Amino acid sequence: PCSTLLFGACDVTLPPPLKWRIRIPHDEEQATGLEKVIMKAMEKGTDPYNMMKPKEYAGSKADPHLVPSISNKRIVGCVCDEDNTAVIWFWLHEGEPQRCPSCGAHYKLVPHELPH
């Protein structure tokens, strides 16, 4: 196939078809801002915004559910039974582990700092 066109007295050479030169970049190559920060943290094995499923804890006084918070208190919702449709809401304060008022599962507030 001819890659040269004749326009009047000038020859214009056309580039090869675009599909030979265009490549779709990967997410890592085109990520910016907060998305890039999160991707780099995930590569290191950290979860700065608690996006992944949290680690499972027994919920006992010795092994309470850890609840990250950027302040000294946080509201927590506990679904006491697996098939329960009601959520028991209560305030969790910094310090010793606290119990759910309904089922008795223990929760502990742990400090968390945002990466930015």
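Q: Which residues does His93 touch, not counting residues up to four places away in sequence?
A: In this predicted model, His93 is found in strand β5. Once residues up to four places away in sequence are set aside, the residues that His93 touches are Asn72, Lys73, Gln98 and Leu109.

Q: Does His93 count as buried, partly exposed or exposed?
A: Buried requires under 20% relative accessible area and exposed requires over 50%, with partly exposed in between. The relative accessibility of His93 is 37%, and therefore His93 counts as partly exposed.

Q: What is the order of the strands in the open sheet of three strands?
A: Five bridges join β3 to β7, and these two strands run parallel. The pairing in the open sheet of three strands is mixed, and the order is β3-β7-β6.

Q: Why is one side of β3 and of β6 left without a neighbour in the sheet?
A: The sheet has the order β3-β7-β6. One side of β3 and one side of β6 (98–99) lack a neighbour in the sheet because these strands stand at the edges, each with a single partner strand.

Q: Which strand gives the most to the lining of the largest pocket?
A: The largest pocket has a volume of about 500 Å³, and its lining consists of 16 residues, with Pro54, Lys55, Leu66, Val67 and Pro68 lying nearest its centre. Both β3 (65–69) and β7 supply at least two residues of that lining. With four residues, the strand that gives the most is β3.

Q: Which residues does Cys100 touch, not counting residues up to four places away in sequence?
A: Cys100 belongs to the largest nonpolar core. Leaving out residues up to four places away in sequence, Cys100 touches Cys78, Cys80, Ile88, Phe90, Ala105 and Tyr107.

Q: Is Gly59 buried or exposed?
A: Gly59 lies in the loop between α2 (33–44) and β3, where, beyond its neighbours within four places in sequence, Gly59 is in contact with Pro64, His65, Gly104, Ala105 and His106. Gly59 and Cys100 are 41 residues apart in sequence, with a C-alpha to C-alpha distance of 9.8 Å. The relative accessible area of Gly59 is 7%, so this residue counts as buried.

Q: What pattern does the chain follow, read along the sequence?
A: The chain has 116 residues, of which 17% count as buried, and it contains two helices and seven strands. Read along the sequence, these elements follow the pattern β-β-α-α-β-β-β-β-β.

How values were computed: Residues numbered from 1 in each chain as written. Predicted model: local features only at pLDDT ≥ 70, side-chain atom pairs only at ≥ 80, totals over all residues. Heavy atoms only, no water. Core = buried A, V, L, I, M, F, W, Y, C linked by side-chain atoms within 4.5 Å. Buried < 20%, exposed > 50% of the residue type's maximum accessible area, 1.4 Å probe, protein only. Contact = heavy atoms within 4.5 Å. 1 Å grid on protein atoms, 1.4 Å probe; cavity = no way out; pocket = protein on both sides within 12 Å on 5 of 7 lines; lining within 4 Å. Points joined across faces, edges and corners; volume = space filled by probe spheres on them. Pairing = 2+ DSSP bridges.
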